[in-house]
Amino acid sequence: WVVIVAGVGFFTDAYSIFAINMVMPMIDIIYYDGQMPHNYGIAVGVVTLGGSIIGQVSFGLAADIWGRRKMYGLELIITIGATLGVVMASNGAYGSMSIIVWLLIWRFVLGIGIGAE
């Protein structure tokens, strides 16, 4: 049972990290007419790994203080909320917001949740 749970957790984490590689070309075509700056794609990929480092360190220390079980529940809430945030990211009404900024914010929070896991 433990192996199955760990395997499913690893699969969902890996999917959350690498699914953006399939989505960025679509965002490029839909929102930027195929002319998205290269730095945007790099930033969206890197920010998740940065959040993961912060999540590993901070939740590792917090788990030593308050216990692993409490921290696992909190990281699960963070991961689910951030995943929903990534899914709902958009340019807003009449282009009032930037989808890249929203993706950067939510992917960073998602990285914290993945690193905590």
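Contact means heavy atoms within 4.5 Å. By this criterion Ile20 touches Val44 and Arg107, when residues up to four places away in sequence are not counted.

This is a predicted model, in which local features need pLDDT of at least 70 and side-chain atom pairs count only at pLDDT 80 or more, while totals for chains, interfaces and linings use all residues. Residues are numbered from 1 along each chain as its sequence is written, and side-chain values use heavy atoms, with hydrogens and water left out.

## Overall architecture

The secondary structure of the protein chain comes to five helices and zero strands, and along the sequence the pattern is α-α-α-α-α. Helices (H or I, at least four residues) and strands (E, at least two) are DSSP runs, numbered from the N terminus. The C-alpha trace spans about 45 × 25 × 25 Å along its principal axes. Of the 117 residues in the protein chain, 31% are buried; buried means under 20% relative accessible area, exposed over 50%, and partly exposed in between (1.4 Å probe, protein chains only). Among contacts with a separation of 6 or more, 67% are between residues 24 or more positions apart.

Axes are lines fitted to C-alpha atoms, for helices over the stretch in contact, and angles run from 0 to 180 degrees between N-to-C directions.

| Helix pair | Angle | Axes apart | Crossing |
|---|---|---|---|
| α1 and α5 | about 155° | 11 Å | left-handed |
| α3 and α5 | about 30° | 6 Å | right-handed |
| α4 and α5 | about 155° | 8 Å | left-handed |

A crossing is left-handed if the near helix is turned anticlockwise from the far one by less than a right angle, and right-handed if clockwise. Angles under 35 degrees count as roughly parallel, over 145 as roughly antiparallel, 65 to 115 as roughly perpendicular and the rest as oblique.

Helix α1 (residues 2–18) packs on α5 at an angle of about 155°, which makes α1 roughly antiparallel to α5. In this pair Asp13, Ser16 and Ile17 of α1 meet Arg107, Leu110 and Ile114 of α5. The contact divides into three nonpolar, one polar and two charged residues. For these classes, Ala, Val, Leu, Ile, Met, Phe, Trp, Tyr, Cys and Pro count as nonpolar, Asp, Glu, Lys and Arg as charged, and the others, Gly among them, as polar.

Helix α4 (residues 68–87) packs against α5 (residues 99–116) at about 155°, so α4 and α5 are roughly antiparallel to each other. On the α4 side the contact includes Glu75, Ile78, Thr79 and Gly81, and on the α5 side Leu103, Trp106, Arg107 and Val109 are among the partners. By class, the residues of this contact are nine nonpolar, five polar and two charged.

In the contact of α3 with α5, the α3 residues include Tyr40, Ala43, Val44 and Val47, and those of α5 include Ile100, Leu103, Leu104 and Arg107. This contact has 12 nonpolar, eight polar and one charged residues.

Ala116 lies in helix α5. Leaving out residues up to four places away in sequence, Ala116 touches Gly55, Gln56, Phe59 and Glu75. Ala116 and Leu49 are 67 residues apart in sequence and 12 Å apart in space, C-alpha to C-alpha.

## Nonpolar cores

A nonpolar core is a set of buried Ala, Val, Leu, Ile, Met, Phe, Trp, Tyr and Cys residues joined through side-chain atoms within 4.5 Å. The largest has 10 residues: Ile20, Met24, Ile27, Met36, Val44, Val86, Ala89, Ile99, Ile100 and Leu103. The elements giving two or more residues to this core are α2 (20–32) and α5. Apart from it lies another core, of five residues, among them Phe59, Ala63, Met71 and Ile112.

## Exposed positions and positive phi

Most residues other than glycine have a negative phi. Asp33 counts as exposed, at 67% relative accessibility. Tyr94, in the loop between α4 and α5, likewise has a positive phi, of about 60°. Tyr94 is exposed, with a relative accessible area of 88%.

Val2 is found in helix α1 and is exposed, with a relative accessible area of 66%. Val2 and Val47 are 45 residues apart in sequence and 30 Å apart in space, C-alpha to C-alpha.
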